[in-house]
Amino acid sequence: MASTTTAPAQGHTMSREERKVLAGTLVGTTIEWYDFFIYAQAAAFILAAHFFNPLGAENAQLAQVVSWASLGISFLFRPLGAIVAGHIGDRFGRKVTLVMTLFGMGAATTLIGLLPTYEKIGIAAPILLVLLRILQGFSAGGEWGGAALMSVEHAPVNKRGLFGAYPQIGVPIGMLMATLFMFGLSTGLTPQQFESWGWRVPFLFSIVLIFVGWLIRRSVDESPVFLEMQQRAKESSAPLGQLFRKNPREVLLAALIFAGNNAAGYLVIAFFASYGTKVLHMSRPETLVASLVGGIGWLIFTMLGGWMSDKVGRRRTFMIGYGIIIVWAIPMWWLLNTASLPLFALAIFVLTIGLGPSYGPQSAMYAEMFPARVRYSGVSIGYALGSIIGGAFAPMIAELLLARTGQAWTIGVYISLLSLVSFIAVCFVKKSDQGKDLHVAEVHQEYVQAHPGESVPAVAGEPEATSARRPRH
């Protein structure tokens, strides 16, 4: 079959629908990560005291380790969410799945804000907290894959990296929103007010964000590639079995590629603030200011990474990012341990210079790694597995390393080694994947073989059976 790769769209002007798609994917991932970051920061400052009281009375550091574990446990359910969402997304569309995951995340976050503490209902409090975290993880498992594909499948071929960076910057924007919220409450309330009820406010605010996200997403059209699949393979079966039969290599690579970035990212998200407050005895507002600086850097360099990947290649951009993380992960602790706010913030900012290029191109790289029929399942499951290997328990592992060795630089060794694994995994991604056709030629071919004599729309490079409008990229 002839290649159907689209030529680069020179001088492309973004359409109104493309802007709506990018806004919808950005809003959704921002809300998803806002929900996660609020929990991460609450785990750093509050949850050990309110939900794991008996452990805290005996051993404060053990209570903090368990608090970090509650953060990580939701990642174990991301693959299940990815499987369910991937099945729905590959079978019924990207759009419906995005709306479902948005409401699941928002409901869980809002309920955490209403949850009674251990003092009020005893052991039921941490049990319910963990159950709501599981719901968050299940919902988040399908969120990113749908957003990534909506953005990349609508993109001109020579701007896939840039378009795909929009759901990626939902991470730093969500982090900035969560951190600003926590900073405002920490400075505007007394410590007693914050401990008593103030920490609940950011969780309850999630319900407002969910409504805004729903209004934006409901107006976004379905992915052009999925519409093609509906036209050409309406009788196709669930693709999950096909994914693991034909694309196990790609799933494994996707997981390993994400692991290093996700682990380093969760230090920026939560661990550094906890470390600065509880170990270095910096004030909570100081560590939150440093987190804000990190969020700004992450936002800038993630967009830059997406743009760079269209110019110099996705693999090379990833390698640059991971190279910076590997080199910086150990010496950054010398700056952090000064407990000086400018140097503490500088250490985090430099780390984000590596985080951006190893995250911005991810949507485009993953979309190009998988065939259309299993693309949603492939990117979602690969991403979810990478979250488990990388960020799920990164703060907990960091806390355990610190407790066991008393040396913070050992955390840097852990991050460097995991990033080296991701660097090596990137090297195994095919260079030919970048810029390849994202349409569904293989689905069309199977459908024609199964329906001989039927007039169906043709794929570029094959004789026209009938005229049909093909989505433009």
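**Close-up views of a predicted model**

**Figure 1. D310 and R314 are both buried.** Buried denotes under 20% relative accessible area, exposed over 50%, and partly exposed the range in between (1.4 Å probe, protein chains only). The side chains of D310 and R314 form a salt bridge with an N to O separation of 3.1 Å; a salt bridge is a side-chain nitrogen of Lys or Arg within 4 Å of a carboxyl oxygen of Asp or Glu. R314 counts as buried because its relative accessibility is 3%. This is a predicted model, in which local features need pLDDT of at least 70 and side-chain atom pairs count only at pLDDT 80 or more, whereas totals for chains, interfaces and linings use all residues. Residues are numbered from 1 along each chain as its sequence is written, and side-chain values use heavy atoms, with hydrogens and water left out.

**Figure 2. A network of salt bridges links R160, D310, R314 and E368.** The side chain of R314 also meets that of E368 in a salt bridge (3.1 Å, N to O). R314 belongs to helix 17 (residues 314-328) and E368 to helix 20, so this pair ties together parts 54 residues apart in sequence. Helices (H or I, at least four residues) and strands (E, at least two) are DSSP runs, numbered from the N terminus. E368 has a relative accessible area of 1% and is therefore buried. By the salt-bridge rule, the count comes to 4.

**Figure 3. R160 and E368 form a salt bridge and are both buried.** Their closest N and O atoms are 2.9 Å apart. The pair links distant parts of the chain, with R160 in helix 9 (residues 160-168) and E368 in helix 20 (residues 362-369), 208 residues apart.

**Figure 4. Ten residues are not all named here, but W33, V171, F258 and Y359 are among those lining the largest cavity.** Further lining residues include N261, N262, G265, Y266, I269 and W298. The largest cavity holds about 50 Å³ of space, and a search of the whole structure finds 3 cavities of 30 Å³ or more. On a 1 Å grid over the protein atoms alone, a cavity is a set of points where a 1.4 Å probe fits but cannot get out, and lining residues have an atom within 4 Å of a point. Helix 15 (residues 248-278) gives the most to this lining, with 6 residues. The lining comprises 7 nonpolar, 3 polar and no charged residues. The volume is the space filled by probe spheres set on grid points joined across faces, edges and corners. Ala, Val, Leu, Ile, Met, Phe, Trp, Tyr, Cys and Pro count as nonpolar, Asp, Glu, Lys and Arg as charged, and the others, Gly among them, as polar.

**Figure 5. I121, I123, I127, L128 and L131 form a nonpolar surface patch.** Together these residues have about 440 Å² of accessible area, from the Shrake-Rupley method with a 1.4 Å probe. Patch residues have over 30% relative accessible area and no salt bridge, and nonpolar side chains (Val, Leu, Ile, Met, Phe, Trp, Tyr) are joined within 5 Å. Helix 8 (residues 124-153) supplies the largest share of the patch, 3 residues. I121 lies in helix 7 (residues 118-121) and, at 35% relative accessibility, counts as partly exposed.

**Figure 6. H281 has a positive phi, near 60 degrees, in a residue other than glycine.** H281 is placed in the loop between helix 15 and helix 16 (284-312). H281 counts as exposed because its relative accessibility is 67%.

How values were computed. Patches are made of residues with over 30% relative accessible area and no salt bridge: like charges are joined within 9 Å, nonpolar side chains (Val, Leu, Ile, Met, Phe, Trp, Tyr) within 5 Å. On a 1 Å grid over the protein atoms alone, a cavity is a set of points where a 1.4 Å probe fits but cannot get out, and a pocket is an open set with protein on both sides within 12 Å along at least five of seven lines; lining residues have an atom within 4 Å of a point.
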